[in-house]
Amino acid sequence: MITRQLKLKAVIFDYAGTIYNPFTQQLYPQTISVLEALTQKGIKLALVSRSPNLEERLAEFKQLNLRKYFQILEAVSVENKKEFNHLLKKLNVKPEECLVVGDRVKSEILEGNRIGAKTVWVLQGEFLDESPESEMEKPDYTINSLDELLLITQSLNLTQKV
């Protein structure tokens, strides 16, 4: 049996409903402290958002000063699905070294599972009652608040026996 360190190297976040509350038009209260903690641990961060107006969304990212936390800030058209394979390449990480965090099982969780990443479903926002309807929509972890993510990141940096 071989023991190896499986280290979390990156987190891909959804924007609206995950770190940003579209109803109050503010970041969730725990967002900055979670982003700062992950950044201090050297974890690479990417942010992805679907939007009808890409320029407005990118301007919103700038206004919220999110560039200081995220290596990648990406807005995609609402007609397109969120895809994460290219983000893994840009972040230079393998799927098993990455967490995908989102509030929708039919979007971020599905795509995160599809690429082989660990997935975290945040039970908040508009899609709180959206239930998984297939194995691919089932998250590895479910949390009620973004600050619970830090406990998950700590547990993923344990020694694995293979």
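The backbone nitrogen of Leu45 lies 2.6 Å from a polar atom of the Gln71 side chain. I count polar contacts as pairs of N or O atoms within 3.5 Å; within protein, one atom must be able to donate a hydrogen and the other to accept it, and residues adjacent in sequence count only if both atoms are side-chain atoms. Before going on: this is a predicted model, so local features need pLDDT of at least 70 and side-chain atom pairs count only at pLDDT 80 or more, while totals for chains, interfaces and linings use all residues. Residues are numbered from 1 along each chain as its sequence is written, and side-chain values use heavy atoms, with hydrogens and water left out.

Back to Gln71. It sits in the loop between H2 and E6; helices (H or I, at least four residues) and strands (E, at least two) are DSSP runs, numbered from the N terminus. Leaving aside residues up to four places away in sequence, Gln71 touches Lys44, Leu45 and Leu91, where contact means heavy atoms within 4.5 Å. Leu91 is 20 residues from Gln71 in sequence, and their C-alpha atoms are 7.8 Å apart. Gln71 has a relative accessible area of 45%, so it is partly exposed. The scale is this: buried is under 20% relative accessible area, exposed is over 50%, and partly exposed is in between, with a 1.4 Å probe and protein chains only.

Next, the sheet. Six strands form an open sheet with parallel pairing, in the order E6-E5-E2-E7-E8-E9; two strands pair if DSSP finds at least two bridges between them. On average, and ignoring direction, neighbouring strands are turned by 20° against each other. Axes here are lines fitted to C-alpha atoms, for helices over the stretch in contact, and angles run from 0 to 180 degrees between N-to-C directions.

Within the sheet, strand E7 (residues 98-102) runs parallel to strand E8 (residues 118-122), and four bridges join them. Leu99 has Lys118 in E8 as its bridge partner. As for the helices, H2 (residues 54-63) packs on the sheet and touches strand E5 (44-51) and E6, its direction making about 155° with that of E6. Helix H4 (residues 105-115) lies across strand E2 (10-14), E7 and E8, at about 165° to E8.

Last, charges. Side chains of opposite charge can pair when their charged atoms come close. The structure holds seven salt bridges, each a side-chain nitrogen of Lys or Arg within 4 Å of a carboxyl oxygen of Asp or Glu. One of them joins Lys9 and Glu97, with the closest N and O atoms 3.2 Å apart. Lys9 is in the loop between strand E1 (3-5) and E2, and Glu97 in the loop between helix H3 (85-91) and E7, so the pair ties together parts 88 residues apart in sequence. Lys9 is partly exposed at 37%, whereas Glu97 is buried at 11%.

Relative accessibility is 30% for Lys106, partly exposed; 67% for Glu133, exposed; and 9% for Glu137, buried.
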